[in-house]
Amino acid sequence: MKVVIVGAGWAGCAASISARKQGAEVVLLERTDMILGTGLVGGIMRNNGRFTVAEEMLAMSGGELFQLTDQNSLHRSIEFPGHPHASLYNVATMEPIVKRFLLGRGMDIRLSTRVDDVEMAGGRIKAVTGKTGEEKVRFAGDVFIDTTGTAGPPGQCTKYGNGCAMCILRCPSFGGRVSIAAKAGVKEMAGRKGNQVGAMSGSCKLFKESLSREIIDKLGKYGVAVIPIPATLQSEVKLSIKACQQYALPEFHENLVILDSGHAKLMTPFFPLGALRKIPGFENARYEDPYAGGRGNSIRYIGMAPRDDTLKVAGVENLFCAGEKAGLLVGHTEAIVTGTLAGYNAVRQIKGEKFLILPSTLATGDAIAHVRAQMETEEGRGYKYTFSGSVYFERMKQKGLYSIEPGEIQKRVDKAGMTGIFS
Ligand SMILES: Cc1cc2nc3c(=O)[nH]c(=O)nc-3n(C[C@H](O)[C@H](O)[C@H](O)COP(=O)(O)OP(=O)(O)OC[C@H]3O[C@@H](n4cnc5c(N)ncnc54)[C@H](O)[C@@H]3O)c2cc1C
């Protein structure tokens, strides 16, 4: 049983663990020289409904990556505007920890391996092809999982954003994203709101040491610093184009909200450096990611695959998807949940077993089905969905799915017959 997973962001990593646990041989292909994708620059976990979902996944025995991020958190149970009980994993050290974990589980990880085409046989993918450095490579498999995300290539950031801002994905060095579903002939979808196609990533990182002593100390002690933006500079805050609707709150317009994720995570898509340096404490500020964070950020949510609630891609017999590829689901938690389900169902397909659909009495199952339905409408494609805020968190609360009591969450998972399902 061989599962080939393309894209080693959080979704690809989760899919690989899940498929391996079901007994498959797994090869995980990543075009850059590090795994975790955009997870290399994020860090926020367990805020709002993400807490519930992390506990659901632990109860379903799909919680390895949540255990790793919990263990590697710099701050736990902190609060920043609108976001209680958040944890911040250390983005500077997370990647090697996850990589070692995957290698320890027997995963075949191929870095600097960019897939650029597929070989089809009827409605099935036979193999994916591409290059490792300059060498041509080909990976045949029984089932494939597209976890290539939705960020890049640079042309996308130029067309729909402010140009390549030189983000962590480093497309000019490693080659841009290539979608496996699209290569297999699937017509993909784009998120859109008004004239904006896709959405701009909603945070950037500053070198912590480029900030004032007072801010550094605050970050170390509380994990968060909220610094008022002088009224004359508030027009520089561009929240409406953000991918992360959950942070498009007035507090984020009137203040610089900074989180300690190893670096200083600035919760705004970009902020002109000259203006930023006029704010007390930021006189020497410098961007760490994207390098041109004074001008823009990456554009995401173009190129999502139509899929069902088992995460099988419509129109290709043996292709699953997860993470941002599976719809307008924003976040590491969201990528891990969908990755876990995709990896599980990929192996069930090989074994000829019935696919798993997570029940709608769990936030995980409800979100996967809800986002799929929303993606079928134009209005629905105008939103982004996350357990951590905005429209989906509201739905979670209305449906009584939000809880921060692990015992209660375990009982709910048990009642749904899902305890240990991913073990
Ligand atoms: C700046 C920024 C900050 C963020 N902060 C947070 C946060 O604090 N908390 C949170 O929960 N979420 C955050 N997010 C969102 C979150 O990172 C993503 O929604 C989630 O991690 C997406 O995971 P993914 O695996 O679907 O995709 P990605 O992370 O985009 O990973 C896709 C991977 O596929 C690889 N790839 C693409 N094409 C190919 C190919 N053809 N061959 C081989 N490899 C390929 C890419 O190199 C990449 O590594 C942030 C996002 C950004 C951009």
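Trainee: Which residue in strand 8 stands opposite V115?

Mentor: The residue opposite V115 is G130. This is a predicted model, in which local features need pLDDT of at least 70 and side-chain atom pairs count only at pLDDT 80 or more, while totals for chains, interfaces and linings use all residues. Residues are numbered from 1 along each chain as its sequence is written, and side-chain values use heavy atoms, with hydrogens and water left out.

Trainee: What makes strand 7 and strand 8 a pair?

Mentor: Two strands pair if DSSP finds at least two bridges between them. Strand 7 (residues 113-121) and strand 8 (residues 124-132) have 8 bridges, in the antiparallel sense, so they meet the criterion. The strands themselves are DSSP runs of E with at least two residues, helices are runs of H or I with at least four, and both are numbered from the N terminus.

Trainee: How many bridges join strand 8 to strand 9, and in which sense do the two run?

Mentor: There are 6 bridges between strand 8 and strand 9 (residues 135-140), and the strands run antiparallel. T129 has R138 of strand 9 as its bridge partner.

Trainee: Which residues take a positive phi in the hairpin of strand 7 and strand 8, and in the turn between strand 8 and strand 9?

Mentor: In the hairpin of strand 7 and strand 8, with 2 residues between the strands, G122 has phi near 65 degrees. The hairpin of strand 8 and strand 9 also has 2 residues between its strands, and there G133 has phi of about 60 degrees.

Trainee: What is the order of the open sheet of 3 strands, and how do the strands pair?

Mentor: The order is 3-5-4, with antiparallel pairing.

Trainee: What makes strand 3 and strand 4 edge strands?

Mentor: Strand 3 (44-45) and strand 4 (73-80) each pair on one side only. Strand 4 is joined to strand 5 (residues 83-89) by 4 bridges, and H75 stands opposite L88 in strand 5.

Trainee: Is S77 buried or exposed?

Mentor: Relative accessible area decides this: under 20% is buried, over 50% is exposed, and in between is partly exposed (1.4 Å probe, protein chains only). S77 has 57%, so it is exposed. S77 lies in strand 4, and its phi is near 50 degrees, a positive value in a residue other than glycine. R170, in the loop between helix 5 and helix 6 (171-174), also is not a glycine and has a positive phi of about 50 degrees. R170 has a relative accessible area of 22%, so it counts as partly exposed.

Trainee: How many aromatic pairs does a search of the whole structure find, and why is the pair of Y344 and F422 called edge-to-face?

Mentor: The search finds 6 aromatic pairs. For Y344 and F422 the centres are 5.2 Å apart and the planes are at 90 degrees. Rings of Phe, Tyr and Trp (its six-membered ring) pair if their centres lie within 6.5 Å; planes under 30 degrees apart are stacked, over 60 edge-to-face, and the rest tilted, so this pair is edge-to-face. Y344 is in helix 11 (residues 332-351) and F422 in the segment after helix 14 (406-415), 78 residues apart. Both Y344 and F422 are buried.

Trainee: Why is the pair of F393 and Y402 edge-to-face?

Mentor: Its ring centres are 4.9 Å apart and its planes at 85 degrees, so it is edge-to-face. F393, at 6% relative accessibility, is buried, whereas Y402, at 26%, is partly exposed.

Trainee: How do you know that the charged end of R46 sits over the ring of F51?

Mentor: A charge sits over a ring if NZ of Lys or CZ of Arg is within 6 Å of the ring centre and within 35 degrees of the ring normal. The charged end of R46 is 4.9 Å from the centre of the F51 ring and is listed as sitting over it.
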